[in-house]
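Welcome! Take a moment to look over the sequence and the 3D view below, and then we will walk through one residue, its chain and a chain contact.

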Amino acid sequence: MIYEALGFYSLSLFILFFAYKTITVPNPVHSALYLVLTMMGLAGTFFNLGAEFIAGVQLIVYAGAVMVLFVMVLMLFDLKAELRSFSRGLLSGSLKVMASALLAGMALGAIKNSVDPAGLQPPAEISANATRQIGVLLYTQYLFAFEVLGVLLLVVAVGVVAVSRMKGGTHAKH
Amino acid sequence: MGSDWFEFTVNFIKMILIFLMMVQIVPLLVWVERRGSAFIQNRLGPNRVGPLGLMQLLADAVKFLTKEEFVPARGHSMLFYLAPIAAMIPATLALAAIPLSVPIHVEAFEWLGQNWGPYVFKFQGYDFGIGIVFVLGVSSLAAYALLLAGYASNNKYALFGALRASAQTISYELAMGLSIVGVILLFGTFSFSEMVTAQAHALSFSFFGQPVEISWLPNWGIFYQPLGALILFAAMFAEANRLPFDLPEAEGELVAGYHTEYSGFKFNMFFIGEYGHMLVASALMVIFYFGGYTLYPWLTPATVSSWFADLSPTKASLFTALVLHVVLLLKIVVFLWIFIWARWTLPRFRYDQLMDLGWRKMLPWALFNTVVTAIAILVMRHQWGQ
C-alpha cells in the first residue's frame, strides 16, 4: 500500500512537472517531447493503480502513435510563422487567460460532480480479468457511446481530409 | 520484487542477466551478419582476427570505445545524448516482459541457519499481467529514438531519416497490432505463458462443433493464422528498420540516415537497439505462432520434467526450465537468421512502394484476417444441432 502511494505521488510530481514544461518551453518540438513524457507518466500511473490494460493502451495510442505524429509534423513544417503567431498582444493574451480559466472551471466542475473515490469499493478481482470485463462492458452497457465515439472519430478524419484538400491546404493565406 | 532478501536478489540478478543476454547477442549477430552476408555474396568476410574472425567483435568493441566523441556544434546536445539511450530502452523493456521458459519452482530449504522458500521464479524479467499489450506499447516508443537522433543532429540527412522512420513506424504499427488480434482471439488470452501452454499439445480444434484432433501435429498458431504470421513478420522488419524496409538509413540517399552524426559508442547503442528489436520480434513470432519454448510431442514441460523425475524437485524444475529455454533460443535463432538472410537477398523498397504496401495491402489484409478469424471462431465453436 505504501509503495503504491509513493509511486502515485512521485508519478504525479513527474506528470505535473512535465506538463508545466510542455506549456512553458518556447520550442514546439521540445514542448511535444515533454508532452510525450507526460503521457508516459500517465501510463505509469494507470499501471500503478492496477489498470494494466489501460496503461498499455495509453502507451500504444497516445505515446506511441499520436505523439509520434505530432513530433513528426512539427519537424516537417517550417515553424517560424507559428512561433511569430504566438503573439504577446493584449487581445490574444486575454483570450489565452480566458481559455485557461474556462478549462480550469471545467476541471473543477468535473471534480466536484464526480463520485467521492473514498466511498468506492475496489472490485474483488481486477487484474486477472480486467481486460475481458472492459470488453464486455464496452460491447453491452456502453455500446451506444462506444459507437458514437467511433463515428465522431470518422467525422474528424473526413474533416481533416477535406481541409487538407483545400487550395493551399492548412497554410492557406487568404 | 520479492518477499525476502533471497527472492529479491535472485530477481534482481535475473533482470540483469536478461538485459546482458540482449546486449551480448549483438556482437554475435553482427558477426553472423557480416560472415553470412559474405557467404551470400560469395566473399569471405572478416576472417583475420582470431578463429573464424570471431575476435573481430572484440576489436570492434575497442574501436567503438576509443573513437572520438563528437557532438554537432549547432545541434541540441541534450537530445543528442538522449537519443541513443532512448534507442535501447524499448527493446530492453519488451524483452523483459517475454517469458523465456517455464517458471522455476524452488522447494523450501535451509541456508545460513534460516528457513527459506518455497519460491516460484518466473523465467522472465518481470511478469506484466497483460504481456502482449505491454510489449506492443513499449516497442511503439522506439520511433522516438530515431526522431530525437534526427532532430538533435541538425543535419538534413538525419532529419529526413527520422521523418521517414516515424512515418514508417506509424504505418506498420497498425498492421502489426491487427495481425496479432487473430492470435489473441484464437487463444483467448493476453498472457504469453498461457499462449505457450495452449500450444504445447496436439493440434485440436472444433470443426462446426465437432472436436477434431491431429495427434502428430503441435497446436501451433501458424496452422490457424498463416496470414497473421506473415503480416506480423513483415511488419516486424519495418519496425526494426531492417532491409527491405531500411529507408530511414538508406545509404545511397541519406548517407546513414538518422545516425549520420553519431560515432563510437553512441552509434553502437543504436545498433544494440536495432538488434534487440530483432530479438524481440523473433521471440514474438516464436511465441505467437511456433509454440514458444515447447516442441510437441518431444519437448513439452511434462515430457522434459519426466526426464529429471529421479532428481530433487528443485533441480528437476531448474533443469526443465533450462532445457525449454534452449528450445526457445534455438527457435529464435532460426528467425534471427531469416532476418539476416532477407537483408542480403531483397532490395530496398522505394518510398511510395513502402507506404502502398503498408496502408493499401497489409492493413486491409490484417483487418480481413481479424474479421474472418472472429467469424470462424464463432461458427466453428458453436454447438451445431443441439
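Let us start with a single residue. Leaving aside residues up to four places away in sequence, E249(B) touches G161(B), N241(B), L254(B), A256(B), G257(B), Y258(B) and H259(B). Keep in mind that you are looking at a predicted model.

Where does E249(B) lie in chain B? You will find E249(B) in the loop between α8 (226-239) and α9 (251-254). Is E249(B) buried or exposed? E249(B) has 23 other C-beta atoms within 10 Å, and 20 or more count as buried, so E249(B) is buried. For a sense of distance, 17 Å separates the C-alpha atoms of E249(B) and F339(B), which are 90 residues apart along the chain.

Now zoom out to the chain. Chain B contains 13 helices and six strands. Its radius of gyration is 23 Å, close to the 21 Å that the globule rule gives for 386 residues, so chain B is as compact as a globular protein of that length. Along the principal axes, the C-alpha atoms of chain B fill a box of roughly 70 × 65 × 40 Å.

| Feature of chain B | Value |
|---|---|
| Buried residues, out of 386 residues | 44% |
| Contacts between residues 24 or more positions apart, out of contacts with a separation of 6 or more | 74% |

Finally, look at where the chains meet. The contact takes 22 residues from chain B and 19 residues from chain A. On the side of chain B that touches chain A, α4 (131-139), α5 (142-152) and α6 (156-187) are the elements giving two or more residues. The largest share, seven residues, comes from α6(B). By class, this side of chain B has 16 nonpolar, five polar and one charged residues.

Terms used: Residues numbered from 1 in each chain as written. Chains lettered and ligands numbered in written order. Predicted model: local features only at pLDDT ≥ 70, side-chain atom pairs only at ≥ 80, totals over all residues. Helix = DSSP H or I, 4+ residues; strand = E, 2+ residues; numbered from the N terminus. Buried ≥ 20, exposed ≤ 12 C-beta atoms within 10 Å, placed from the backbone. Contact = placed C-beta atoms within 7 Å. Rg over C-alpha atoms; globule rule 2.2 N^0.38 Å. Nonpolar A, V, L, I, M, F, W, Y, C, P; charged D, E, K, R; others polar.
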